[in-house]
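This briefing concerns one protein chain. Please keep the sequence and the three-dimensional view at hand while reading.

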Amino acid sequence: MKTIIEPFRIKSVEPIRMTTRAERETKLKLAHYNLFGLASDDVLIDLLTDSGTGAMSAEQWAAIMRGDESYAGSPSFARFEAAVQNLMPFKHIIPTHQGRAAEAILFGLLGGAGKRIPSNTHFDTTRGNIEASGALAFDLNIGEGRDSQSMHPFKGNMDLEKLAAFLQEHGDNVPCVMLTITNNAGGGQPVSLENIRAVAALARAHGHPFIIDGCRFAENAWFIKQREPGQENSAITDIVRECFAVADGMTMSAKKDAFGNIGGWLALNDDDLAEAARVRLIQTEGFVTYGGLAGRDLEAIAQGLSEIIDEDYLRYRIGTNQYIIDRLDLLGVPVVKPAGGHAVFIDARAWLPHIDPLQYPAQALANRLYEISGIRGVEIGSLMFGRQPDGSEKPAAMELVRLAIPRRTYTQSHADYLIEAFEMLKAEKDSLRGLKVVKEPRLMRHFTCRLAPL
Ligand SMILES: *Cc1c(COP(=O)(O)O)cnc(C)c1O
């Protein structure tokens, strides 16, 4: 059969509310043209993020009832720890309430003034936690990773030559080497097993721990199976184990590839580092067997980990992205290719060349998409990155609209509705105008700033 179906049926539904275009225009105006300001029940299909927005399975809800809320030594922790170690064979598994908490603990220990930490591309909270410690974060992604039309199969790869030169130059000040799989900030593009092993070998040769930011490890393993020569017959579980076998630790957001609505962990092999991390965990998150989570959350994550590696799920998951990208491509909408793991990216600078980057073409596009269809995406461009520390403004490298796909939440007809919305956008796009910022906070303005149409 060629048709890829949703590999689940629906036991419990969550109604979504239809609104009219006129209503949505009013709502957007009241939100000062910032999609973060909308109430989510005024959104029909919410593609703002894939983080914590997935649907849990019947087995996860059942596991939640088994959650044991003991402060210390909960059997829910034992199940969580075993589920993680089944895939990622690290010695110490330290639960946290989110991925960023794992980062804060890790870089609180490894960071500090003068330290330099390389990765393919650091996710924003990772960079934030590194910089908050006084250290510097460096992105050494291969050049193809920044070219929206390059068809390189592993655009998330680390540039090994750059990494080798970096370690040569800064060796003494590098506390660890990181690698993000898939490369979220670089469009959810995968990293090959060969590249993971090569980065691990370089880190080891220079005596630095190698830490994987593994938020989308299952999607990355699926791409390895599909695209990496010699891996087509490997089981996803084995690919996952191979990826983590060469690492010394990992940070994880269970809101991504663990089907959790909340949660994360830090995993380490080094006994001393783990002991220091647990001290910080107790200070900031909670005791070592719950780390800021309820016992029931640990159960949901443990069960989720056994479901995320299912090949039927991954085929459907990546197939959804591919389906949307192929059809948008046919419509002539410039999309980032090839399909990444968790989101579809529209190149607004290419599609709306009449709008100056500093008049936020991707925001204008995301806003009109909401007005037309009730679908919410997010701008990743000059509104998000344009404001410089010295107060000046400069265009971002790209002007993208990201449509992140929550896990197991929407169906094919939602995808078809999205594609139809782009047909309408195509007819209207030349009439779109840019925006100006009328009020903004000092930092991370895109979340709360107010805009007005020009
Ligand atoms: C989401 C994410 C994080 C942070 O995780 P939170 O659970 O949101 O704190 C870190 N790295 C990557 C690659 C992510 O996608």
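The model is predicted. A search of the whole structure finds two cavities of 30 Å³ or more, and the second largest pocket has a volume of about 1,400 Å³. Two cis peptide bonds are described, one joining I181 and T182 and one joining K337 and P338.

**Cavities**

- The volume of the largest cavity is about 70 Å³.
- Its lining is formed by N34, L35, F36, L48, Q363, G377, V378, E379, L383 and H446.
- By residue class, the lining of the largest cavity comprises five nonpolar, four polar and one charged.
- The second largest cavity has a volume of about 30 Å³ and is lined by F123, T180, N184, D213, C215, R216 and K256.
- In the second largest cavity, the lining is made up of two nonpolar, two polar and three charged residues.

**The second largest pocket**

- A volume of about 1,400 Å³ is computed for the second largest pocket. It is lined by 37 residues, of which S12, E14, A55, R408 and T409 are the closest to its centre.
- Helix 2 (residues 58–66) supplies the largest share of this lining, namely three residues.
- The lining of the second largest pocket divides into 16 nonpolar, 11 polar and 10 charged residues.

**Surface patch and a loop phenylalanine**

- L443, M444 and F447 make a nonpolar surface patch of about 340 Å².
- L443 is classed as exposed because its relative accessible area is 58%, where exposed means over 50%.
- F287 is located in the loop between helix 10 (271–284) and helix 11 (295–308).
- With a relative accessibility of 25%, F287 counts as partly exposed, because that class lies between the buried limit of 20% and the exposed limit of 50%.
- The C-alpha atoms of F287 and I117 are 29 Å apart in space, and the two residues are 170 residues apart in sequence.

**Cis peptide bonds**

- Most peptide bonds are trans.
- The bond that joins I181 and T182 is cis, with an omega of about -20°. T182 lies in the loop between strand 5 (177–180) and helix 7 (193–205).
- The bond that joins K337 and P338 is also cis, with an omega of about -10°. P338 occurs in the loop between helix 12 (311–331) and strand 9 (343–347).

**Positive phi at tyrosines**

- Most residues other than glycine have a negative phi.
- Y33 is not a glycine, yet its phi is positive, at about 60°. The residue is found in the loop between helix 1 (21–30) and strand 1 (45–46).
- Y33 is buried because its relative accessible area is 16%, and buried means under 20%.
- Y360, likewise not a glycine, has a positive phi of about 55°. The loop between helix 13 (348–351) and helix 14 (361–373) contains Y360.
- Y360 also counts as buried, because its relative accessibility is 2%.

Definitions and conventions. Residues numbered from 1 in each chain as written. Predicted model: local features only at pLDDT ≥ 70, side-chain atom pairs only at ≥ 80, totals over all residues. Heavy atoms only, no water. Patch = residues over 30% accessible without salt bridge, like charges linked within 9 Å, V, L, I, M, F, W, Y side chains within 5 Å. Areas by Shrake-Rupley, 256 points an atom, 1.4 Å probe, with all protein chains shown as cover. Salt bridge = Lys/Arg side-chain N within 4 Å of Asp/Glu carboxyl O. Buried < 20%, exposed > 50% of the residue type's maximum accessible area, 1.4 Å probe, protein only. 1 Å grid on protein atoms, 1.4 Å probe; cavity = no way out; pocket = protein on both sides within 12 Å on 5 of 7 lines; lining within 4 Å. Points joined across faces, edges and corners; volume = space filled by probe spheres on them. Nonpolar A, V, L, I, M, F, W, Y, C, P; charged D, E, K, R; others polar. Helix = DSSP H or I, 4+ residues; strand = E, 2+ residues; numbered from the N terminus.
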